[in-house]
Amino acid sequence: MKRYLITLLCCLASFALPAQIKITGSVVDDTGETLPMATIRVQGTQVVTTTDMNGKFSLEVPSTKSVLNVSYIGFEPKSITVGNRLTLKIVLTSQATQMKETVVVGYGTQRKINLTGAVKTIGNEVLEARPISNAVQGLQGTIAGLNITNDMGGELGSEMNINIRGVGSIGEGSNSSPLVLIDGMEGDLSTINPNDIENISVLKDGASASIYGSRAPFGVILVTTKKGTQGRTSVSYTGNLRLQQPMKVPEPVDGYTYALMINDAYMNTGGNPQYSASHLDLIRSYMNGEIDYGTMPYENQNEWRKNQGCFGNTNWYDVHMKDFTTSHEHNVSVSGANDKINYFFSGNYMGQTGLFEYADETFDRMTLNGKVGIQFNKYVHFTWNTRIISTENDKPSAMWALFYHNLGRRYPVATIYLPNGDYTSDSMIPSLTQGGRTNQKKRQIYNQANLVIEPVKNWKLHAELNSRIEDNPYTRQFNPIGWHLPDGSWEDLPVLEGVENRHVINSDGTFSVFPAAGEKYYEKANTSINYFSTNVYTDYDVKFNDKHAFKFLLGEQSEFFRRETDRMATTDILLTDRPFLPSDRGDENAMISQRLGEWSNLGLFARLNYSYDNRYMAEVNLRADGASRFPKDKRWAFFPSVSAGWNIAQESFWKRLSDLGFEYLKVRGSYATLGNQNTTSFYPYYQQMQTSPGSLVLGGQQATVLPMYAPYSTNLTWETIENVGVGIDWGFLNNRLTGSFDWYQRTTKDMVGPASALSALYGASAPKTNNAELRTRGWELEIGWRDRIGKNFSYSISATLGDYRTEITKYDSPDGNINSWYKGKNYGEIWGFEVEGIAQNDAQMYAWLADHNQSSIGNLWGGGDIMYRDLNGDGSVDKGSQTIDDHGDLRVIGNMTPRFAYSFTLEAKWKWIDARVFFQGIGKRDFFFTNSATFFGIVAPWQRSLYTDHLDYFRYAGNELGANYEHPYYARLRTDTNNSQVSDRYLQDASYLRLKNLQIGFSLPKTTKLGRYVQKARLYFSAENLFTFTNLRIFDPEAIGDFENWGPGKTYPQYRTYSMGVELTF
Amino acid sequence: MKRYTIHIQVAVALVLLMTSCESFLEREPLDFGDETAYFKKVNDLKLYVNDRYSMLPKNNNLWGGLYSDDIQSDNQCGTSLQILFYPGEKKTVQVGSSEWNFANQRALNYFINLVVKKKAAGELPQDTDLVNHYLGEAFFLRAYDYFRLLRNFGDVPIILDQMPDDQAVLTQHSTRSPRNEVARQILADLDQAAVLLKEKAPESGRICRDAALLLKARAALYEATWERYHAGTVFVPGNAKWAAVSGNSGYSFPAGSAEAEVTFFLDQAIAASEAVADARTLNADYQGMFNADQVFPDNDEVILARYYQTGVLSHSCSSYLETGGGCNATRALVNSFLMTNGLPIYAPASGYQGDKLSYYEFQDRDPRLTGSVRAAGSIINTKLVDGRYVNDTIFYYKPNIYRFGNEKATTGYELQKWFCDDKVQCENYQCTTATPILRAAEAYLIYLEAYYERYHDLGGKCDAYWRSLRTRAGINPDYTKTIAATDLAQENDLAVWSKGVEVDATLYNIRRERRCELIAEGLRLDDLKRWRALDMMTAYQPEGFNLWDEMYKMYKASERDETIVTQSNISKYIRPLQVSATSAAYSGYNFPRQHYLEPIPISEFLLTGEGVAKDSPLYQNPGWPQEADGPADYTFDCD
């Protein structure tokens, strides 16, 4: 309709003004490819047309002085004065072209050519059509120096760790996460709809980030969301269906093998076998099908055999893990713009299900986004943006850290069913299916108003008001579960097994509740967050003599953050399927808590950019910050930065090289100091005393307690972060070969670290002070190549590589304990023994022990045990005092920092087919599964997880499981830690290379008839985590973490995703 | 002039702006208070001391607690080896896992000093009785925790003020006070407590005056006997061998001499225990104190107990004890109990029926045995009627010697003492029966022992107290008959000896009374240490019941194979240490004397010695190395 109107208007115009000039022409890109559907607008009129399928257009203009504005998505807009030509060939240059490319920087944009800091902007193509659950996942590996890591597998709703340029701070009370700003306002990158993102800019170095001062000492991620672009209204839909499979699920041994292995382990440790001959017979009979059930009552007792007393054969991972699960995502957006107004509206839904058979977990995300920009007049532009995000994660309350722990160590001899048809308590199935559910919702409303006034050309005044209101409702419920005893009577079972039942209010206001068997429980909480910020700033661009270009920026930023969590719980619920809090005085276990906190921050900033002839560039940033987190006299701090660049290719002496294709080469350097105010506590310098309900009964009821205050420091102040960096950027061969290299050093001074130890006489951990320092050094390399072969085939290859190392340069550690921090410690280092080998028999072991006394590690050594090396030659193998001066026979055997993070992307397009392959990897990472039963099989009497991988342990000839003494990987199984000491033998190589994303798309050619109505139609197949290359045993390299220290590897599995999707734009 | 006005206006605006900035940045805490907010009401004082109650012993929700603490002694036997009792595996530990911990001192010193100061300044409410009471509780708790340090380390630094976070000051205060001075500090705190505390606790479960007196008697007797039996060794000050001798060679006791110091503590123990014993009679029902869901009245034998409530704090003894518990009594303990006629089992006319079946073994025995230990083949309660287990004779009751871990009957003498016959109590580890932690009976026992140690006769109130104990127990009150029939050579008890020398029959019978009265209450290891009885723990085999004469017939072959219990070729009694030939203590426990005291963690030496352990004002306990994770030097001369 609109098009007809416009045509009509054009006709009317031609009637009204007969002196029309008809011109024709074509629009092509810089490689000569025609651009269909490009928009041509006659400036100052309503006349608009678009190019046809062959990139041709025709229209009438009022005069030869008319100016045509030509635009096409992904290309630099171009304005052309018609002049005397009647036929025009308009060449548009791709926006991606390095020279013209602009990048988003703090409070503005900058042409990449003039950039003096380490900033990288990427478009939304890295997020498009990927079956990811959040934007963070999509950013992994896309930018060198932006480290996104995950050790925790793929739990629904889980978030990955992000840091820019490595570890910034080691204090538990401070954090070194980057600042995430969405359209200039602090926001949540893990909940934003990835489809709404136009581009993401990462300010990696201190000089670029310093405009944000104390909120951004460890880098900034700037997210710019989409807005309506000039042209007709377009409606687009994208959607995909996903199939997800668990990766690297361990393969437990069968029940009989398990019992034999356990017996071996106990006997090897000087203990008694746990499984008697008759018990083994029972297991064998069960496995041969001679007995129907893996448990029975104890003789003359009304009690079922449980856990290791059973005689079944169960693969618990098989029981609990689905073969695959499904998810889907839909996204609709409407956008458009004209001279006066631009708009973008979108809606998104994503629904995920989990990998566990009986858990019925779900994660849903819904977002609504509306952004409208109005050009009131020549001087005033106003944008309003509202974004509503809602996520919901629903799962069984029993599915917490201990569930993964128990799943990892569940005895194969335990069994799923009782002879009476009930599920056993070992199966954990009743607690998952009936034990009650935990539901976490997030609701975020972002409102942003942005007023820009430009009273004089190039002088702008910006006023931004930002508000984020969050509600995070949370409910958790426990319902009674149980089973029937052999005599048919009912017995209640606890939902959370193996934990002390209790109802405790923690100091952070959360409730630690492990309900008693048969007890109901309902907890309801809400965390509301009110964040408000203002940015008021002005900038002015001016150029003298066409060579001296200046940019000025001056402004203030204020931030206010308030968080409130209200929580209440009862064990008195009327209806378990529809729980609500009763309106009465409550039961004896009713609990309430409230936590409140707020902080505010005020920043004043100024920036000056100077560029001479695009050759020499310099930038100076000044920022002063005041933070409510520090005592009055330490509150304000001033953080300056400076950076400079030299565009060598612009020099006359470079002319010859430039003509040869080396047309862009820039070196740059920067220095900055920033502060860090990101302490966990909002009130770190206050004495804190607070009552709470105790685990204590006095006077016949639960007693309230008032604990002693924890030590606090009254002279806390800023951590100061000093950044130095140099870099080089290039663009050669018509910008087909581009790249950059950066080297940096970041020193975190006056770190609010874990305080230095005090002797125990003090009676508490020492209060935190600004007493430590660490240094991170690293480098980053990005290289890209893009080209076109012939008319139909284009391709690009890009790669990133980055590395960093962190060293503690100052730390007050009088004993130099190697398990804690000390001066000179490399972050992530692993101390361990060196292993000579596995003793083939007792005689060899005894001979070894004669001059390598291993009694400090353990007792009862024999054949099949590890022979550790005596590195300090004192005749005994020990850990000394575990200090840097006396570390016995320990040495640094590796480092668990993920190093040499790299990625490469291959993209190719041939006519209507496109493909994208994205590999991501870690080049070097050591990992030790300290005290991990899932790695060693058994590390303590009750910490045992025997998988088929563990079968490769030392056995003499004659062992029922077969001899394995020549080249076993594992030493003989033991229930103590003799053979599972941290050592080089079992140090794992956790590096990997992963095919993170593979995408093949089929687009509807624009030349077809349908192309008249459809701007874009693409059908794609996309897969995540398709292949992994790693030397790591048993585990997936991204699922080696643990929940609540139950041992590495006890976490949600990582998954592989296959998806099919469509993208349609009308 | 106008320009000037503008300047003023600008200046004022700037000042206003800066002021409003400062107030924008001033954020006071919203959800917690500080010491100025609390300590105004009596209730605040109560809440503060409440937080320290968790240091008192209890029965645990997961396995363990008072009922199983004696597995680290010759009274009970656990499922694993006790590393304390043999050389090799016990090592120095990191400060986090060590008893070298002063967190309670920090909290209590702060409180005591603050309240004393506020009281003096008249800043506390008029309800002086309760103010005093809660202050008294704090003194009691501080003494309780210093007693813990004394038992573990002997000499410890005495700090009565809150320490600053300044290592130099901490180092200055790190000097270890001689153990007798630590004990004197404990008594001083308890004297204060006894003055301040109310006679009747303001609510159930709280400390009262008699609690302070009984703890005082316990601590005084502990110190007196320790100093007497370890006299002249590295473990006692005032002689050239004392561990701290380099700095304190000329140490002189406050009482004048080592022996006078012992007398001082004995006199203190006698006076304090007498005050408690005279004020409180013994409950008629011995067993009922340990397994009923009840609240003890103010004047009860039970002076202090821990209470439980479902969902707040509960324990698990009935759940575990129902199936074996992994903490059974030893044969040595069972043998110590007299017949009801007052004779030891070996006495010719005792009427002892032998131990072929523990059912017979338990006939006519001290009811404290038959009520506290379940006999194989005895009458036991398994039948459920209306939610309670009722008597149901199963002659061949089989202890669960064949089960695993904490469900295992380790010796076959399963514990009955803390077991409650209420079904709800037995299930799901949520028992709520009260746990007595201070009983007047102990005051009776302390008086006996202290008086005899002091005067070597049974004068004073000894006769009355001893008879009361035996009468309540249900055995012949005439202890002279027992003493006369006692043949120390036939006693199966480490406490027959002190310093490797046999004690006299009277003192031994006082010790026997203590062993029997306090069965499974977690006090035995302290007794063995202070009596220096562990010297005789050489090639010591804890034993269980007589399996191989008769009772093995109750079990299927697979329930008693060599992987489960020792076979008849080793002994007719179960020997838990000898099941596996590779066991580190296969040939029995051999207590290294270096283990009488715990080692101080290495970090403490380095922190107080500015990185050089030998520069520290601290000294290590005898035989222990100044290094991490190291065993004691077993050749170190502890005499």
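1. The charged end of A:Arg955 sits over the ring of A:Tyr953, 4.5 Å from the ring centre. Chain B has a case too: B:Lys417 lies over the face of B:Phe290, at 4.1 Å from the ring centre. Bear in mind that this is a predicted model.

2. Next, the aromatic rings. Over all chains, a search of the whole structure finds 85 aromatic pairs. Take A:Tyr258 and A:Tyr411: their ring centres are 5.9 Å apart and their planes lie at 50 degrees, so the pair is tilted. These two tyrosines link distant parts of the chain, 153 residues apart. A:Tyr258 belongs to helix H4 (residues 255-268) of chain A. A:Tyr411 is in the loop between helix H7 (401-409) and helix H8 (429-434).

3. A:Tyr258 counts as buried because its relative accessibility is 1%, under the 20% cut-off. A:Tyr411 is buried as well, with a relative accessible area of 10%.

4. Ring pairs also build a cluster in chain A. Its members are A:Phe927, A:Phe928, A:Phe929, A:Phe935, A:Phe936, A:Tyr969, A:Tyr970, A:Tyr986 and A:Phe1035.

5. Now look at A:Asn348, in strand S19 (residues 341-353) of chain A. A:Asn348 counts as buried, at 4% relative accessibility. Leaving aside neighbours within four places in sequence, its contacts include A:Glu329, A:His330, A:Asn331, A:Arg365, A:Met366 and A:Thr367.

6. Two further asparagines are in contact with A:Asn348: A:Asn193 and A:Asn195. The side chains of A:Asn348 and A:Asn193 make a polar contact (3.2 Å). A:Asn195 is 153 residues from A:Asn348 in sequence, yet 8.2 Å away in space, C-alpha to C-alpha.

How values were computed. Residues are numbered from 1 along each chain as its sequence is written. Chains are lettered from A and ligands numbered from 1 in the order in which they are written. This is a predicted model: local features need pLDDT of at least 70, side-chain atom pairs count only at pLDDT 80 or more; totals for chains, interfaces and linings use all residues. Side-chain values use heavy atoms; hydrogens and water are left out. Helices (H or I, at least four residues) and strands (E, at least two) are DSSP runs, numbered from the N terminus. Buried means under 20% relative accessible area, exposed over 50%, partly exposed in between (1.4 Å probe, protein chains only). Contact means heavy atoms within 4.5 Å. A polar contact is a pair of N or O atoms within 3.5 Å; within protein, one must be able to donate a hydrogen and the other to accept it, and residues adjacent in sequence count only if both atoms are side-chain atoms. Rings of Phe, Tyr and Trp (its six-membered ring) pair if their centres lie within 6.5 Å; planes under 30 degrees apart count as stacked, over 60 as edge-to-face and the rest as tilted. A charge sits over a ring if NZ of Lys or CZ of Arg is within 6 Å of the ring centre and within 35 degrees of the ring normal.
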